[in-house]
Amino acid sequence: MADYIYTMEIRLTPDQLKGVSLVQDIARAAGMNIYLTGGAIRDIISGFTIRDLDFTVQGNPLKLQKDLEKAGVRISAVEEDIRMILLLLPGNVRAEISMARTEIYEKTGKPPIVSAATIHEDLRRRDFTVNAMALSLNEGSRGLLLDPFNGVADIEAKLIRILHNYSFLEDPSRLIRATRFAARFHWPLEERTQARYDAAKEGKYIDHILRGSIGHEIAQLAHEDDPLNVVKMLEKEDWLKVLHPHWSTAKIDTSGLGQLMKTRQQMVDLGYTPDAGPAVMYFLTSRLSEKDIADLRKQIPRKDLVEAWRDIELHAKELAKRLMGKEAATPSRTWQLLSDARPEMVLFLAVTAKQQAVEQKIKNFLTKWRQVQQRIPLPEMTELLITPQLPEYPKIARDVFMLLLDGKLRSRTETLKFLKPFAPPPPPPPPPPRRGRAAKAAAGAAPAVAVVGKKAEVAKGKAKAPPAATPSALSLSAAAKPEAKGKPKTAKTEHHAPKQAAKPAAKAAPKKVPPKKAKSKKKR
Ligand code: ATP
Ligand code: MG
């Protein structure tokens with residue numbers, strides 16, 4: 001049997017994984033059975049990007065709100081009628097928790113009658129087989145996959161299949177969803193589903209779509225990896241004008257959107273995780289009137305998305321202004337400013353900046369300045385024992401990087417001169433060899449020998465360099481602000497005292513200590 005927990009653990013991002021534990025623990029503490037459901041399961045199994053986490057609990061998730069908020073979760077929206085809460089988990093992870101429910105559709109175009117139910121019943125009201133699975137997160141059954149409609153087989157066959165013949169009639173928003181998934185995954189509709197889809201189109205079922213569903217479908221576009229392709233398909237199928245009568249691909253800033261998605265990928269490759277959603281909405285609706293945009297926004301349930309989209313231009317302007325000012329007078333200051341800015345703002349401004357200087361600074365931040373890290377002399381730093389094991393390492397590495405960025409360390413010699421005072425004292429040499437019983441007692445000294453051995457390796461240039469202090473790591477981990485001048489002095493006073501204390505011991509076994517100084521002199 002497949003180990004779905006293992007698959008989940010390797011497929012989710014670290015933040016998503018933490019989010020699963022957090023929600024799971026809160027639901028369990030409240031005595032509710034909890035399952036990971038819907039698209040998250042589909043994407044875990046199929047290998048596609050997991051965009052958000054859908055949880056289903058047997059019970060009322062609205063009761064979990066307080067505990068969730070205490071744990072640092074933001075509640076983005078609450079849909080009381082179906083007892084669903086939309087969340088933003090730490091690390092910008094989107095999630096929703098729904099109550100396991102049945103839906104009885106009595107009248108076309110009217111909302112269904114909703115009742116609390118078991119997870120098994122809940123799966124029967126879902127849209128497609130690939131979305132009708134649940135993974136138990138409960139003690140005792142954690143990892144058990146509920147797949148009553150054989151969704152795994154349809155994922156393997158790459159097919160979108162409804163659960164029953166009335167699916168599109170009951171909820172016409174599934175027509176839009178079917179098109180969206182077909183466009184995203186490039187999976188066709190299964191034959192009978194296609195026949196039902198065509199009949200539904202012919203019969204204009206879409207006229208009975210519920211308003212609430214429209215808002216949900218609009219918001220989903222913000223998170224597509226290739227939104228243009230999805231919107232084109234929606235337009236081709238006549239669904240785009242259902243989302244808004246004035247919306248068409250002509251209203252999209254396609255070049256801006258393309259640039260945005262390219263820059264987003266570039267940032268993802270560099271280790272950032274910008275939420276491109278608000279910017280995607282901005283470009284998808286660039287040529288719509290203010291009023292049409294306001295209409296679209298009104299329908300979106302997630303208010304955080306709406307607010308971020310509404311304020312995106314204003315925030316970008318503010319960042320641009322700062323980038324033109326004193327705060328960004330040098331490359332290192334600009335680096336700091338952009339590292340502290342929200343990645344989504346850097347992303348948006350990278351594409352929309354009007355001032356060439358701003359555009360250039362962001363470009364440098366994402367490309368040229370990153371190459372400066374290659375000038376950090378990592379092998380020599382290892383030789384000087386300035387390695388990530390040192391508590392002050394992040395700051396030293398960051399300071400070197402900043403000085404290099406500003407052109408204040410122009411050569412390798414200058415860089416090494418700057419670094420030297422930070423070198424910690426060499427480790428104490430091993431005690432002199434003992435004989436007999438004393439030798440046994442000295443067994444505990446082995447680590448010291450190992451250290452010397454390791455150091456010898458370093459001196460010969462065999463030891464591995466420490467992991468590169470990547471600019472993104474530097475920007476994220478460095479707590480201290482750049483204060484290049486004066487720093488070496490502090491470090492000097494800190495390190496010199498123990499260095500001297502170690503001197504007599506070094507004399508005791510001079511040959512075992514590698515000729516580090518001589519070697520670095522040679523290099524110079
Ligand atoms: P995405 O990757 O776009 O988030 P998703 O399948 O997770 O895809 P959501 O809109 O997040 O889509 O919905 C979560 C789950 O809720 C779906 O997988 C599906 O099981 C169920 N669902 C959503 N909308 C409908 C609907 N209109 N009819 C039936 N089930 C639905
Ligand atoms: Mg989802």
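What is the distance from an oxygen atom of ligand 1 to a polar backbone atom of Asn131? It is 3.0 Å. A polar contact here is a pair of N or O atoms within 3.5 Å.

Some ground rules. This is a predicted model, where local features need pLDDT of at least 70, side-chain atom pairs count only at pLDDT 80 or more, and totals for chains, interfaces and linings use all residues. Residues are numbered from 1 along each chain as written, chains are lettered from A and ligands numbered from 1 in written order, and side-chain values use heavy atoms, leaving out hydrogens and water.

Back to ligand 1. A side-chain N or O atom of His216 sits 2.9 Å from a ligand oxygen. For Arg126, a polar side-chain atom is 3.1 Å from an oxygen of ligand 1. Taken alone, ligand 1 exposes 580 Å², and the protein buries 93% of that (Shrake-Rupley method, 1.4 Å probe).

Now the shell. It has 21 residues, each with a heavy atom within 4 Å of the ligand. By class, 14 are charged, 6 polar and 1 nonpolar. Charged means Asp, Glu, Lys and Arg. Helix H8 gives the most, with 6 residues. Helices are DSSP runs of H or I, at least four residues.

Last, the magnesium ion, ligand 2. Its protein donors are Asp52 (OD) and Asp54 (OD), 2.2 to 2.7 Å away. Donors are N, O and S atoms within 2.8 Å of the metal (3.2 Å for Na, K and Ca); water is not among the atoms, so the site may look incomplete. Asp54 is also among the residues nearest ligand 1.

Technical notes:
Polar contact = N/O pair within 3.5 Å; in protein donor to acceptor, adjacent residues only side chain to side chain. Helix = DSSP H or I, 4+ residues; strand = E, 2+ residues; numbered from the N terminus.
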